[in-house]
Structures are given as structure tokens and as C-alpha cells.
Amino acid sequence: MVLDAPHDHDHDLAGATALLASLAPRIRAVLAHSPLRVPLGRLAVMQPNPARAHVLYVEPDLRSPDGGRLRAVCDLAYGAFKEAGFLADANRPLKLHCTLLNTTYRRPPPGQRRAAGRIPFSFAAFPQVAGSGSNLGAWTVDELQICEMGSWAPDGAYVRVSGCDLRPEPGSAT
């Protein structure tokens, strides 16, 4: 989900942080005080033509019990941010995914100049992977974060502004 640029004080990062903090008790209730461990399954690309793809991602398995809990937590947060007017495009559906490759950050081979625009890759060139039911294991989701788009931490990740801890409180796990 992409937050809208701030138009007023209530819709800036501080407002988004306050809204996320206010959702924490409801999120913890959805999770029922147990860890959220989501299986990652099918590999896919965002673009309609897999021969000229720019974003490779893996989908969480939403059919699993924890996948359903992930969906419920994300729907709760998405609905609250949408209702509060924080979304850049309120009609854009939420797409749960984990980006593995984005050609925005792709570099040309040594000695070659960067071509104008993004350099696509062919996901269709890997028929054994394209469209298959991949299994990348189950991963623990520890936090729902608000990150500043376009900012980079030393490790290359987006800069975290705030978050909601999804781990069970000590002694509360079922």
C-alpha cells in the first residue's frame, strides 16, 4: 500500500504512525497472541508480458491458516488507512507480495552504458519456474512497518519510520 503525500498535519508520517499505533490492539487480537509464520509460494511477475518483466515477486500462500491471518491483518490496516484518507490511490487493491527483483535497480554489464529506461528480464525463459507452484518455505512476519519510499538504509532496505510489532508478548503465545 502506498501512502499519499502529506496534504495536512493529520496526513503526514506522524499521523500515519499514530494511526498504525492505534491499530495495534486490534491487530494483536486478530493474531490471537500467536506468531505469524507465512508460507511463500508461487513466483510471479507484475507485468502482463512475462518475456519483458520488471518486477519478480513471490506470493504468500493465503490458503494456509497463517496466510489467512496475514490477509486479515493487512485488510484491517489497509481499510483503516483507506478510511483515514492516507492512500495515494484508494481504488488500487492491496497486493500481498514479497518483491525479489525490481529492474529499477538493475545495472548494465561492466563496460556498457545504461540503456534509457529500465532493462527488462524474461521470466518466460524459465518455464520450469514460471507459473509453477514454488515453495520458498515459511517465514515469520515480525512487524507491520511504515517505510519512507525512496529512502535507503545502509543495508539497501527502505528506511523504517515506524511499525507495529506482530510478535506475541512474552508469556502470551498459545
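Let's start at Arg42, which is partly exposed with a relative accessible area of 34%; here buried means under 20% relative accessible area, exposed over 50%, and partly exposed in between, using a 1.4 Å probe and protein chains only. Before going on, please keep in mind that this is a predicted model, in which local features need pLDDT of at least 70 and side-chain atom pairs count only at pLDDT 80 or more, while totals for chains, interfaces and linings use all residues. Residues are numbered from 1 along each chain as its sequence is written, and side-chain values use heavy atoms, with hydrogens and water left out.

Arg42 has a charged partner: Glu59 forms a salt bridge with Arg42, and the closest N and O atoms are 2.9 Å apart. The term salt bridge stands for a side-chain nitrogen of Lys or Arg within 4 Å of a carboxyl oxygen of Asp or Glu. This pair links distant parts of the chain, 17 residues apart, with Glu59 in strand E2 (residues 55–60) and Arg42 in strand E1. Helices (H or I, at least four residues) and strands (E, at least two) are DSSP runs, numbered from the N terminus.

Four strands make up an open sheet, in the order E3-E2-E1-E4 with antiparallel pairing. Its edges are strand E3 (98–102) and strand E4 (138–140), each of which pairs on one side only. From one strand to the next, the twist averages 35°; axes are lines fitted to C-alpha atoms, for helices over the stretch in contact, and angles run from 0 to 180 degrees between N-to-C directions. Pairing requires that DSSP finds at least two bridges between two strands. Strand E1 (residues 37–45) and E4 run antiparallel and are joined by three bridges. One place to look is Arg37, whose bridge partner in E4 is Thr140.

What lies in the loop between E1 and E2? His54 has its place there, and His54 is buried, with a relative accessible area of 15%. Its side chain makes a polar contact with the side chain of Thr103, at 2.6 Å. A polar contact is a pair of N or O atoms within 3.5 Å; within protein, one must be able to donate a hydrogen and the other to accept it, and residues adjacent in sequence count only if both atoms are side-chain atoms. Not counting residues up to four places away in sequence, His54 touches a group of residues including Leu101, Asn102, Arg118 and Phe121, where contact means heavy atoms within 4.5 Å.

Now move to helix H2, where Asp66 is found. Asp66 is buried, with a relative accessible area of 17%, and its side chain makes a polar contact with the side chain of Arg69 (2.8 Å). Leaving aside neighbours within four places in sequence, Asp66 is in contact with Pro35, Leu36, Arg37 and Val38. Of these, Pro35 lies in the loop between helix H1 (13–31) and E1. Pro35 counts as partly exposed, at 42% relative accessibility. Although Pro35 and Asp66 are 31 residues apart along the chain, their C-alpha atoms are separated by 8.8 Å. With the neighbours within four places again set aside, the contacts of Pro35 are Asp66, Arg69 and Pro168.

Arg71 and Asp75 are separated by about one helical turn because they are four residues apart in helix H2 (residues 65–83). Arg71 is partly exposed at 26%, and Asp75 counts as partly exposed at 37% relative accessibility.

Another salt bridge joins the side chains of Arg160 and Glu143 (2.6 Å, N to O). Arg160 lies in strand E6 (residues 159–165) and Glu143 in strand E5 (residues 143–148), so the pair ties together parts that are 17 residues apart in sequence. Arg160 counts as partly exposed at 40% relative accessibility, and Glu143 is partly exposed at 27%. In total, the structure holds six salt bridges.

Finally, how many disulfides are there? The count comes to zero, under the rule that a disulfide is a pair of cysteine sulfur atoms within 2.5 Å. Cys74 counts as buried, at 13% relative accessibility, whereas Cys147 counts as partly exposed, at 25%.
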